[in-house]
Amino acid sequence: MPSLTARLLSLALRVVRKRPMGSVESAREWLYEPKDDPAPPHWVAQRHWIGLRTVAGFPVYTVLPRDTENPVKAVLYVHGGTYVSEISAWHWVLVSRMADTGCRVEVPLYGLAPEHTYREAFPFLTQVYRELSADVAPERTAFAGDSAGGGLALALAQTLTGAGLPEPARLILISPWADLTMSNPEIAEVDERDPWLSPVGMLEAAKSWSGGDDLALPRLSPVYGELATLPPMDLYIGTRDVLLPDTRRLRDLVAEVGGTVRLSEEEGAFHVYPLVPVPEGGPARAEILRTVRDL
């Protein structure tokens, strides 16, 4: 049974998050709401060295541990938010904890829908990784991301060979949105118990992010892309997450082509549970941080 904290937060999420995504009309209103301030909270700047630069017209934060001048390992973290919402305080907590392991964390803030589409994201993220790989060896670098950011990190990894760049050492994907078509028939069953996400609103966000292109394109839905040449992949998902069916499918497809993939499935947990301050997230966060520490 989910913890009391998770149950109370689920009730709040149903009102604050799921309801605005429950119909086409409300989802379109949500798409055009003002964006939040993406800057890291003040406490992050006090705890770490923070750098900010512009790449291809978009901001990139570099978060460094204060006790390590030149970290020899790195994480490129791509935040979630249904391609509509800015990075949140929950993301910054995980970024901070990753930096505490002694690594450099690159946090690229890609342009969001409806003002921007995926077409701008790939040149931007590719250049961010190109610059990062000049400073930190790819074999000591991980790509990490949650939700939309998890799908985008996976899609980025699939494009690296074509860009003449090496793969990172690992992919750490939390509730990855790997199929924007939302066509898996098993989603409807999970939707009833998911307190956060609605397939209706997600599909509206996906259409906006795609700029009118086919949602099954691998850069939008990497589950349809090349999976055999990817680095080892860690997947984290809760059983009350509408992305559960496609995450299981991604695991199966990677295994079928001989890839290395590990799925951590938390019974009763909701979307991106390792980022959220609920007891269910603690073991997964610890596991993620061990993986980063061992890069």
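Predicted model: local features only at pLDDT ≥ 70, side-chain atom pairs only at ≥ 80, totals over all residues.
1. The protein averages a pLDDT of 96, with 100% of the residues scoring at least 70. Taken by element, confidence is lowest in α1, at a mean of 90, and highest in β3, where it reaches 99.

2. The strands form an open sheet of 8 members, which follow the order β1-β2-β4-β3-β5-β6-β7-β8 and show mixed pairing. Its edges are β1 (48–55) and β8 (261–266), each of which pairs on one side only. From one strand to the next, the twist averages 15°.

3. Both senses of pairing can be illustrated with individual strands. β1 pairs with β2 (residues 58–65) in the antiparallel sense over 8 bridges, and within this pair Gly 51 stands opposite Thr 62 of β2. The two strands form a hairpin with 2 residues between them, and Ala 56, which lies in the turn, has a positive phi of about 50°. By contrast, β3 (residues 74–78) and β4 (residues 104–108) run parallel and are joined by 3 bridges; here Ala 74 has Arg 104 in β4 as its bridge partner.

4. Helix α6 (residues 148–159) packs on the sheet, where it touches β3, β5 (141–146), β6 (170–174) and β7 (233–238). The direction of α6 makes about 145° with that of β5.

5. Two further places in the backbone deserve a check by anyone preparing the coordinates for calculation. The peptide bond from Ala 113 to Pro 114 is cis, with omega near 5°, and Pro 114 is found in the loop that runs between β4 and α5 (118–135). Tyr 83, although not a glycine, has a positive phi of about 65°, and its place is in the loop between β3 and α4. For context, most peptide bonds are trans, and most residues other than glycine have a negative phi.

6. The largest pocket holds about 610 Å³ of space. Its lining is made up of 27 residues, of which Arg 17, Trp 30, Gly 81, Ser 85 and Glu 86 are the closest to the centre. In terms of residue class, the lining divides into 13 nonpolar, 8 polar and 6 charged residues.

7. As to which helices contribute to this lining, α1 (4–18) and α4 (89–100) each supply at least two residues, and α4 gives the most, with 3. A reader who examines the pocket may wish to keep in mind that α1, one of these contributors, is also where confidence is lowest, although its mean is still 90.

Terms used: Residues numbered from 1 in each chain as written. Heavy atoms only, no water. 1 Å grid on protein atoms, 1.4 Å probe; cavity = no way out; pocket = protein on both sides within 12 Å on 5 of 7 lines; lining within 4 Å. Points joined across faces, edges and corners; volume = space filled by probe spheres on them. Helix = DSSP H or I, 4+ residues; strand = E, 2+ residues; numbered from the N terminus. Nonpolar A, V, L, I, M, F, W, Y, C, P; charged D, E, K, R; others polar. Pairing = 2+ DSSP bridges. Axes fitted to C-alpha atoms, helices over the stretch in contact; angles between N-to-C directions. Contact = heavy atoms within 4.5 Å. pLDDT = per-residue confidence, 0-100.
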